[in-house]
Each structure stands twice: as structure tokens, then as C-alpha cells.
Amino acid sequence: MHTVMVGLGSCGIATGGLAVQRRFQELLGPENGGVRLKETGCIGLCHREVLVEIVEDGRGRTLYGEVTPDRVDRIVADHLRGGRAVEEWIVDREELLAGQKRIVLRNCGEIDPSCIEEYRARGGYLALSRAVTGMSPGEVIETVADSGLRGRGGAGFPTGTKWRLARAAQAERKVVICNADEGDPGAFMDRSVLEGDPHSVLEGMAIAGYAIGAGEGIVYIRAEYPLAIRRLREAIAGARESGLLGPNLFDSGFSFSIRLKEGAGAFVCGEETALIASIEGKRGMPRVRPPFPTEAGLWGLPTCINNVETLANVPWILSHGARAFRSCGTANSRGTKVFALAGKIRRGGLVEVPMGTTIDEIVYGIGGGTVSGGPFKAVQIGGPSGGCIPASLGGTPIDYEQITATGAIMGSGGMVVMDDSTCMVDVARYFLHFTQNESCGKCTFCRIGTKRMLEILERICAGRGIPEDVHTLAELGEQIRMSSLCGLGQTAPNPVLTTLRYFHEEYEAHIRGGKCPARVCLALVEFGIDPDRCTGCGLCVQACDAGAISGRSKEVHRIDGSRCVRCGKCLTVCRSDAVRKG
Amino acid sequence: MATDEERAKVVVMPAFGRMLWRHGGEPGMLIPLLQAAQDSYGYIPPLAIEQIAMATGIPASEVYGVITFYRQFRLQPLGRHVIRVCKGTACHVQGAEMISRTLEEELGIRQGETSEDGLFTCLEVACLGCCSLAPVVMIGERAYGRLTPQRLRSVLRTVRRKTGRGA
């Protein structure tokens, strides 16, 4: 008996996973010809999507990568019917997952997320049953505290301490909120966990509820994650039917229910107090703390807010013990961290590494180095709140304090690799554009300061920078950091401050040299036409509004630099890739 | 607020109406109500704002304030094809800027706008989450990855041609 599992996380679907699934259905015929056809979540090997795994009862498993509907034909004929695996399309899972340790992603890509039995078969909900029937809430909290688990949403607050505070608050009703408002551009680990293993998060929430004495939980999730929302709804309904959520769990007298609340698209709502305001139906603006949500949160009730990845760790900690979790990682950062590895990297995707793994090990080892094969220039960690860590600090281990020492932050786990073709000034401008847009407008420095910084960066990228700009940027950045209420404002200048610190010469090249070394900022590059590639088709001549391109049909065209306004239009219309930036 | 002409055009959609009737008075329902209105109409028409204000007792001005705070809500209807341009970090370093420019040139609209023929609406989104396919654009439900300006132009031509045939 064969089981065929098609990877249908968002990335699998985007690469054409549904067409692959359909082709299997067509070829296998009614009732799938005795083959179990299932869907599963993301295993993290995004660079090899669409992934299809074939499991033979008692004979092991074969993982195929880059599967297309056409390739399905041969897989069905050779492997399923003929019993011969198609060697050249096999992905070596062990090799690609070497150096990783899977705690949070333990079930992602392994189980059918819509099937609660598969989750239970791998030990799911055992931790919850053990907690509510055999442990006191205090013991649960001490186990989590002892494991050293810290918040994976970015700031790294010890989870055990937060639970203790919420437990100590006196109230009849308390709330657990799962923060699934994953807003960092370039971070998608929470989505993958929710899509691939929703029950682990629900179980983590129920355990948190038992520990702090809350009877209800809310998942605040981005509306932009339709698949994750659907899987969560199914999972909640499934758990309720099986008696794993609802009244009197495991006859212990403890009751816990979970509902979903869809966010409406505001980055600042990842901040605790803004998130609460948003659930209450208001504009998602942060407020002054204290009181902290653990004392007075949603509707004034004591509220414990944990991130998706944090909660997914909890059942593992209870079933394997605090010591097993502590044994992994560094002195102050225990366990693992999931990163979304992207950018100029050969093997992008989701990776989960033990804390203490160095950046070099992730980029060159797990990620397989850069696309071009050359060294990387920097990695951007922590999204818009993080910073760019240069290659010279590649030996930095993944650890909350050590990452902070570089000027970046751990953040939620985006890791974007950059090489020589990435302009660091442009990257700083990009992130500031994002935070400027997302600033809620409450604090003056964040609202107006980021705007002024963005204007300066845009000017530098447009070739109109002045020498004082560098100083002004640093000064403004410092002031915004000091005078903003929430994490968004306090960390908004980080991308600029870190690039100023490590890539000062690139700013100088833009401002004083009039050059963009990476040839990204169009205003600072010279356009030319490669005579070997130009076919003389005339498209660029027609497209050029400045009339700077000349050349007769079927002859090599020329760009007149003195008339060129550097709009880049020729670059986008050329079909033979002949326009060069120099 | 809504003019009489607009009132005549907008019919209260059943799903949205039910939600108003059942949950309008509960605390914290404003955002779910707005989401229901947008699901029903494709955008939030002025009449829906009035009705939500009445049902919840929240002043229309405050409802409007909440609408404009969140990126999800639209006060204008969408075009037939919604193009989502990914502006995530990975896409940015792989040339998403050139993709946006190409779209602007090709369709004559900027982010958030709908083309005059009502065919295309262009939206920039923070991250579509298929970073290894960067740069990515989604047209309707389909994602197009590893785009170059040239490939994007040919994709748009195909979409236009299919639409012309009534597909």
C-alpha cells in the first residue's frame, strides 16, 4: 500500500501543487486506485517545491522534488505501478536537513494537518492530558520556566516568567492569546506551522490556559493567511469533536475553548497592546505599559499573549522534559529557532537550528551558499526591526544577546542573505519605507522622524545626497529609538543604523562618489547596450521617452548618456537582456 | 454619507445583514462586521458604514477611522483581476522594484488603483510567503514566480487575451 503526500503549504500551492495533486487524481482514477492520496504542510525545502513524498508501508519513504504535472505521469507509472523509484528526481532529505533540529517543525510536512489522528499518533495531546491530569498549574509553569524557553516573537521575554505573572493576577476570567499576526516581510515560519501542524499550537494554548488559569483562548491571525485560517478552523472543530478542547478536558474539571480573530492588516498589531485594541474593534494603537496585559489586557482581563512558535514548543517541552530542551542551545538562549531563509541563497526555505548555530553555518552549510557561488555580503535578521549583519561577523551565534550586540535583533526569524548585487542603502530605504508606512502615528518621533529619515534615504538613492545626511540619519535614528512608545518605533531605525555602522563606505560612495557600487540605484548608474546581445529590434528606441536611444532596425542601438534620464524603461522592455548597468 | 442614488444601488447582502442583526450589539464586533461587509460587496460602500454605525452605536466617523487604519479595508470596488505585487524583503533584493515599474508602465496604474477599463487592480502586499520564488506577483489566485519584466509583460498579455475571449 502506497501513501502519496503532496506538499500543499502556501509555497507548494504557489509553485503549482494543486495541479500536481489533480494530475495524481486523474491518473490514479476512482478511489485513487488503492493509493492513499494526502496533503501535507511545508517541510521547509521551498527551493525544491513542489514536493511529493511516497511512503510504502514497511519499506520507507521517497521524497521527490520539483514535481510538475508532467512528471507525475512517470512517477505513477514507474514508482507506484512499476515499483521502481525515479532516481533523478529524488531529494535527499537527510542531506538537506543536516545541521537542523526539529522541535517546532517536528510534524510539518510529516502529517496531514487536517487529520487529528495523525497528530495524536505522533504523541499529540499527550502533553496536555498529562498536564491537566497529573501536574499542578504551578508545576507546568516551573517546567516551562526551567526549560529556558523565551518568546519567539522577537523580544525574547522568558515564557515561564510571563505565565507566572498571569497566574498571579487575581481574576475570575483570564485569556490566552496566540499572536499569529506575522507581519515581518520575509518571515513565514508561523504561517508554515499553522498550515502544517495547527494542533501543536492549539495544544500549547490549552496548556498555557491550564497553567495561568484561563478558560478561553483567541488566535489573532492575519487575514492574509487564508489557508492557515482554514486549517486552524478545521483543527479547532476536530479537537472539539474529539473532546480535546471544550468542557471538562480528560475529566479533570479544566475547560478550555479557542476561537479565531482575523486581523485586518496592520503591522503594528503584532505589538501586544495594539493587538488587544484591535481585538476590541478599535484602531490598533499601542498604549503605555504598565499595566501589562498579564494584569489588565483584553477587556481589562489578565491576558497572556504568546507567539505561535513559542506555543508550538510547549507540548514538546512537557513531553520531553525541560532538561531535553535545555540541553540544546546557549546559556541564555535554549532550544531552537526557526528561520525563513531567503534572498541570494541557493537553498532557501524554512530551517530550524539549535540556538548557538553560527550565521556562517546557516548560510554556507544549510543554505548551500549564495546563488552566485561567491561570498555573502550581509544577512538581514529580524525584518524591519532588525539589522544587517556583515559577513565579517558571520561567526556570531544565534543567541538573543549576541545578535542584539551586533545592532540587529533576533526578531521573529526572517533571514535574508545579500551579496554584492544588493545595495545596502537601498535595503535601509526599503525597510524604512515599510515602517514609515506602518507607523500608527501615535508618537511624534516615529510618525514624523521616520518620514524625515525616509526622505533623506530617498534623496541619497536618487543621487542628491549631501555629506551631512549621514550624521542627520544617525541622530534622528537615535531620537526615534529613545522617544517611541512601542517596539515598532524603538527598532525602526535599526536597519539604517546597522548599515551606517557596517557599510559606511556605501553611503559615502552614493553621496560623495556619485556611484551605487551594487548598481541598484538607477539614478547612479550608467546605461549601455551590449553590442553582442542587441538584436536591433527597436523596442527600447520606442520606449525611451527621453529620446536618448538611437539606432536603425537590425543594427546595434546606442544610448546617449547625456540625454538619458535613467528611468530604466529600456531595461524592462528589452527582450534579449542587452541593456547593461555600469 | 451615502447619497440616495447610492442607496438605491446597494442592496443589503444576506450574509452581511445576518451578521449585523445577530452580532451588531456585541462588543468587539466592529472589525468582523467590516470584514463581512467587504466579503459581501467586495469593498465597503458608504451605506454599510451607516448601517454598521447604527447597529453598533459607534459613530460613523470612528468606523471610518478604523477602516482607514487597516490595510485590508477598501472604500473602492476592485477590478476584475487583482494583481498582488509582493514587496517582501526577498522579492525586493531580487528586483521587485523593476516588476512594479513594469506593471505601472503596462497598465498605467499605481499601487492601490484600478485601471480605467475595470480589468486590473494593483495592490502591493508585504509578503506572499513564497520567498524562494522571488520576485513574485499573484494575479487572482495564481502566483507567478521568478519574474523578469519581459515575462511579466507576456503574462499580462495572456491574461488580457483570455479576458477578451470572455474567459
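Over all chains, the count comes to 36 salt bridges. By salt bridge I mean a side-chain nitrogen of Lys or Arg within 4 Å of a carboxyl oxygen of Asp or Glu. This is a predicted model: local features need pLDDT of at least 70, side-chain atom pairs count only at pLDDT 80 or more, and totals for chains, interfaces and linings use all residues. Residues are numbered from 1 along each chain as its sequence is written, chains are lettered from A and ligands numbered from 1 in the order in which they are written, and side-chain values use heavy atoms, with hydrogens and water left out.

Let's start with the layout of chain A. The chain is divided into domain 1 (2–96), domain 2 (116–326), domain 3 (336–419), domain 4 (424–511) and domain 5 (526–581). Those bounds come from an automatic or database domain assignment.

Now domains 3 and 4 of chain A. Their C-alpha centres lie 22 Å apart. In contact terms, 17 residues of domain 3 of chain A meet 15 residues of domain 4 of chain A. Contact means heavy atoms within 4.5 Å. The area buried between these two domains of chain A is about 1,200 Å², and carbon and sulfur atoms give 67% of that. Buried area is the accessible area, with a 1.4 Å probe, that two parts lose on being put together, summed over both. A:Lys377, A:Pro384 and A:Cys388 supply 43% of the area that domain 3 of chain A buries against domain 4 of chain A, more than any other three residues.

Which residue forms a salt bridge with A:Lys377? A:Glu506 does, with the closest N and O atoms 2.7 Å apart. The rule finds one salt bridge across this interface of domain 3 and domain 4 of chain A. Six residue pairs are in polar contact between the two domains of chain A, both residues at pLDDT 80 or more. A polar contact is a pair of N or O atoms within 3.5 Å; within protein, one must be able to donate a hydrogen and the other to accept it, and residues adjacent in sequence count only if both atoms are side-chain atoms.

On the domain 3 side, β12 (378–381) and β13 (387–390) of chain A each supply at least two residues. β13(A) gives the most, with three. Helices (H or I, at least four residues) and strands (E, at least two) are DSSP runs, numbered from the N terminus.

Next, the interface of chains A and B. Here 53 residues of chain A are in contact with 39 residues of chain B. The buried area is about 3,500 Å², and carbon and sulfur atoms give 57% of it. A:Ala264, A:Arg283 and A:Thr572 supply 17% of the area that chain A buries against chain B, more than any other three residues.

How many salt bridges cross between chain A and chain B? The rule finds one. B:Arg71 pairs with A:Glu438, closest N and O atoms 2.4 Å apart. Polar contacts across this interface of chain A and chain B come to 22 residue pairs, both residues at pLDDT 80 or more. Several elements of chain A give two or more residues to the side that touches chain B, including α1 (10–14), β8 (254–262) and α17 (424–438). α17(A) has the largest share, seven residues.

Stay with α17 of chain A. A:Asp426 forms a salt bridge with A:Arg429, closest N and O atoms 2.9 Å apart. The two are three residues apart in this helix, so about one helical turn separates A:Asp426 and A:Arg429. Both A:Asp426 and A:Arg429 are buried. Buried means under 20% relative accessible area, exposed over 50%, partly exposed in between, with a 1.4 Å probe and protein chains only.

Two more pairs. A:Glu526 and A:Arg566 form a salt bridge at 3.0 Å between the closest N and O atoms. A:Glu526 lies in the loop between α22 (504–511) and β15 (527–529) of chain A, and A:Arg566 in the loop between β17 (558–559) and α24 of chain A, so the pair ties together parts 40 residues apart in sequence. A:Glu526 is partly exposed at 41%, and A:Arg566 is partly exposed at 22%.

In chain B, B:Glu106 and B:Arg153 meet in a salt bridge, 2.6 Å from N to O. B:Glu106 sits in helix α7 (residues 96–107) of chain B and B:Arg153 in helix α8 (residues 149–164) of chain B, 47 residues apart. B:Glu106 is partly exposed at 24%, whereas B:Arg153 is buried at 11%.

Last, a network: salt bridges link A:Glu53, A:Arg61, A:Arg93 and A:Glu110.
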